[in-house]
Number of protein chains: 2
Amino acid sequence: MNLIFHRLLVVVVIVFISTASLLRAEQPNILVILADDMGYGDLNCLGSEHLKTPHCDALRESGVLCTQAYVASPVCSPSRAGLMTGRDPRRFGYEGNLNQSAEKYATRPELLGLPSGEWTLGDHLKASGYSTSLIGKWHLGTQDRFHPNQRGFDYFCGMLVGSHGYFPDRNSNRLERNGRPLRDFSSSYLTDFFTDEAIKWIDGTTSRDQEKPWFLFLSYNAPHGPLQAKQEDLERFQHIQDPKRQKYAAMMYALDRGVGRIVNKLQAQGAGKNTLICFFSDNGGATNNGSWNGPLSGVKGCLKEGGIRVPMIWSWPGSLPPKSTFSGVVSSLDLLPTLLTAAGSQPLPLAAARSHEDGRNRKRIVAKYGAYDGIDLLPLLTGKTSPAARRLFWRLQGQTAVLDFSGNQNDKLIVLSHRPAQLFRPQADPGEREDLAHQSESRTGELFTMIGEWEAMLPTVPLWGSSPFWAGQSSKNYDTWPVRSEPH
Amino acid sequence: MNLIFHRLLVVVVIVFISTASLLRAEQPNILVILADDMGYGDLNCLGSEHLKTPHCDALRESGVLCTQAYVASPVCSPSRAGLMTGRDPRRFGYEGNLNQSAEKYATRPELLGLPSGEWTLGDHLKASGYSTSLIGKWHLGTQDRFHPNQRGFDYFCGMLVGSHGYFPDRNSNRLERNGRPLRDFSSSYLTDFFTDEAIKWIDGTTSRDQEKPWFLFLSYNAPHGPLQAKQEDLERFQHIQDPKRQKYAAMMYALDRGVGRIVNKLQAQGAGKNTLICFFSDNGGATNNGSWNGPLSGVKGCLKEGGIRVPMIWSWPGSLPPKSTFSGVVSSLDLLPTLLTAAGSQPLPLAAARSHEDGRNRKRIVAKYGAYDGIDLLPLLTGKTSPAARRLFWRLQGQTAVLDFSGNQNDKLIVLSHRPAQLFRPQADPGEREDLAHQSESRTGELFTMIGEWEAMLPTVPLWGSSPFWAGQSSKNYDTWPVRSEPH
């Protein structure tokens, strides 16, 4: 009875929100462009001297660059679970990456995806009157129950898994459109194909309800491995000697070309002013793809800045200031409230947890901490309000961290399973060179307490397990990064 | 095929061991007596001035007291999983206590017990030619597949759950004999009933193969709560004002009476010399039962000494020296090799893991670390060899610890989820008053690395989850204990 009542309530709310949105002023189109494993320094506007990213740079010129933006996790899948739900993914047990090891050793394979009790950006915006589309990488579960078409996206073209080759190959092809396998992709290169698909969907040449505003999540897998680039793109980077970096540069060039083609399309349609664009990377640069994290320490997979801090660009001509920089703490968890505010709407009430022990305390925890973890960024990005105190948490594979930003303090404690905890001040020391844990014992103690309180609200086991970070190869980069100068 | 071959191999080994044992000299009877939540100071011979424990003291006089003995966990169920298997219970995911919270929130209820891939002391000793019996508390799973009669014990009389009232009460009675419910217990008090049952089984008045040597695990639930004592026992402790301590004293008195009755029985049978007795507690004293941890810091549930260090007495007249003290590090994990050596036997080869992801690495890990974690104590307790280096690990509810004993070093690092890690030297500082983590950074780093390596070999998720220690009530005693003087 409770469940039926709950569903009825959700329907009522959806109808109410949908009706309300029809009565409101024009809703903007919303375009989220996600790069994959891109480093913090990997746009010309972020410091790279060897890549060529004119279109991303132009996007940055048209809006606001957030210099201290964080994602929910230093690895792909839980990072996407966070940005997609607007909730700290650990709150629903979504902690480890969804990879072969998770699939092989899961004690409950049916849990290997975004739990059905969570709403996605697609759900929220669909309920707000939007036509919704996901093009590219999903990486939130491959089983039917997790399919994007079941999770708020009217249209899906891409792959459910976490990585994919860039050239057509029938043997390893995992692409599909709305559940139907695509034998081949029609362009010669996957990044271009996703761009083509995005333009077609925006254009309305593939099915889209043209009466509605649209939300497109363009989820490129570039520049995630495998390192595969078009010959003509590679030839533009003969000046780069490092073979990995050269391929990376060519892959980024194709991604940047896609961004340019889409922005040009919107401007040609006259839709530029009415489209809110957010561009960022799902996590920091990886060691295996030739990326460069600029001044940051650490790498994909670890909780140093290089794993979790990404460039984030917001562009909405006429509504957000151009050529701006915002240096306060923001998070990918903020997409949900920000996009919904832009859409003149509200988040859906949190669904009942149905698939995991998260349900045990959900009511109590939501009452205490709220359902969603992000904040509406529009007042900050437009300069209407000043940054308020902010606290963000992470946990992955035996590493736990809290960032506590309040007043003049911008402190981050990383608690490690097999090394002493470290205290950094990432705003002043983005390279995390100075561990202040011993000098600031009382502050260290405060941050430890925050972590303890946070952990007490999480499910006691994650949806699936993952080996300690320290047992893997990438941990060896924990101390040796950052690579201070751009590889070339 | 592999499984069949493995089972065949096990049968062959069992037959071989059994036959070999028949050819050997007389095997001793083995009696393990376990107290439950008894404090480190709670025998007269351990410092208590207000309790009366003449029979335990006599047992101590007859053999060796180990002053630095550890159990596998500071809570009942995983501690028993460790002593019963001779394996660090975290290696097979047996990490949290098996209580109502575990039962309520388990994601896989079928895993709530000792995994079927583990052998018990009963299995090993039965294969070595013993008649085996468990009387008292099991606490390793209530489902049929976990039943003691399925897990190496020919005879079982007691309760499967972790606690039980001491007076007959039909409504809350959970007692059984070999799977058949016991409507009532025939004695007026549960501790006396278990003693009666033990004497009957030793006597052979309940079914026991009298041709074989016997192994009895007498697993008293005393002095675990609820605090219920016989009036006549209470009257002996009118001098104790503290009401909890008074009841505790009376409960300990009944336990001590049981120990005395059994030892007297053995002596009357002339079996004293041929019976190896080991007495200890499953974990340190709890705050809720009036126990006292003597000089130790901390309490049941935490990884300070008061949670995991227990008095342990070994008595085997003629084979072990009387009135002796052994101050080296020993562990409840040592029971398995010690008892099997006494029985002139060998541990069974480890079974294939069948129920949990432990299986993923079991072969590799066993090849690297061995199957079992204990050592044969007989050469140490008889003084034939000197204590070798020893390393023990613990993990429970967000606390992890390693004790590394080597040469002159006797260091223990406690890594806490929400406080800075602490380094103690428990031999010199049993009260863990001096945290040396900052003074000994390089040693701290070494111990952290040991923990990291250990964690990397564990399953990535436990069999069931448990909330962080810090979220619970007992954490508040972490700093306030020890209670230096005995309550009275």
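This is a short tour of a predicted model, with things to select at each stop.

**Stop 1: the inner spaces**

Rolling a probe the size of a water molecule over the atoms shows where empty space is left. Here the count comes to 7 cavities of 30 Å³ or more. Head for the largest cavity, which holds about 960 Å³ of space. To find its centre, select R395(A), G398(A), R395(B), G398(B) and E455(B), the closest to that point among the 41 residues of the lining. Next, colour four elements: β12 (399-406) and β13 (409-416) of chain A, plus β13 (409-416) and α13 (441-456) of chain B. Each of them gives at least two residues to the lining of the largest cavity. What classes of residue make up that lining?

**Stop 2: a loop residue in chain A**

Now pick Q397(A), in the loop between β11 (390-396) and β12 of chain A. Its phi is near 50°, a positive value in a residue other than glycine.

**Stop 3: helix α8 of chain A and two partners**

Show helix α8 (residues 243-268) of chain A along with helix α6 (residues 190-203) of chain A; their axes come within 9 Å and cross at roughly 15°. That angle is under 35 degrees, so α6(A) counts as roughly parallel to α8(A). The crossing is right-handed. For the contact, select T191(A), D192(A), T195(A), D196(A), A198(A), I199(A), I202(A) and D203(A) on α6(A). Facing them on α8(A) are A254(A), L255(A), R257(A), G258(A), R261(A), I262(A), K265(A) and L266(A). By class, this contact has 7 nonpolar, 3 polar and 6 charged residues.

How do the axes of α2(A) and α8(A) cross? They come within 7 Å and cross at roughly 50°, which makes α2(A) oblique to α8(A). On the α2(A) side, pick P54(A), H55(A), C56(A) and L59(A). Their partners on α8(A) are L255(A), D256(A), R257(A), V259(A), G260(A) and V263(A). This contact splits into 6 nonpolar, 2 polar and 2 charged residues.

**Stop 4: cis peptide bonds**

Last, zoom in on A222(A) and P223(A), joined by a cis peptide bond with omega about -5°. P223(A) sits in the loop between β7 (214-219) and α7 (231-234) of chain A. Then hop over to chain B, where the peptide bond from A222(B) to P223(B) is cis, with omega near 0°. You'll find P223(B) in the loop between β7 (214-219) and α7 (231-234) of chain B.

Methods
Residues numbered from 1 in each chain as written. Chains lettered and ligands numbered in written order. Predicted model: local features only at pLDDT ≥ 70, side-chain atom pairs only at ≥ 80, totals over all residues. Heavy atoms only, no water. 1 Å grid on protein atoms, 1.4 Å probe; cavity = no way out; pocket = protein on both sides within 12 Å on 5 of 7 lines; lining within 4 Å. Points joined across faces, edges and corners; volume = space filled by probe spheres on them. Axes fitted to C-alpha atoms, helices over the stretch in contact; angles between N-to-C directions. Parallel < 35°, antiparallel > 145°, perpendicular 65-115°, else oblique. Left-handed = near helix turned anticlockwise from the far one by under 90°. Contact = heavy atoms within 4.5 Å. Nonpolar A, V, L, I, M, F, W, Y, C, P; charged D, E, K, R; others polar.
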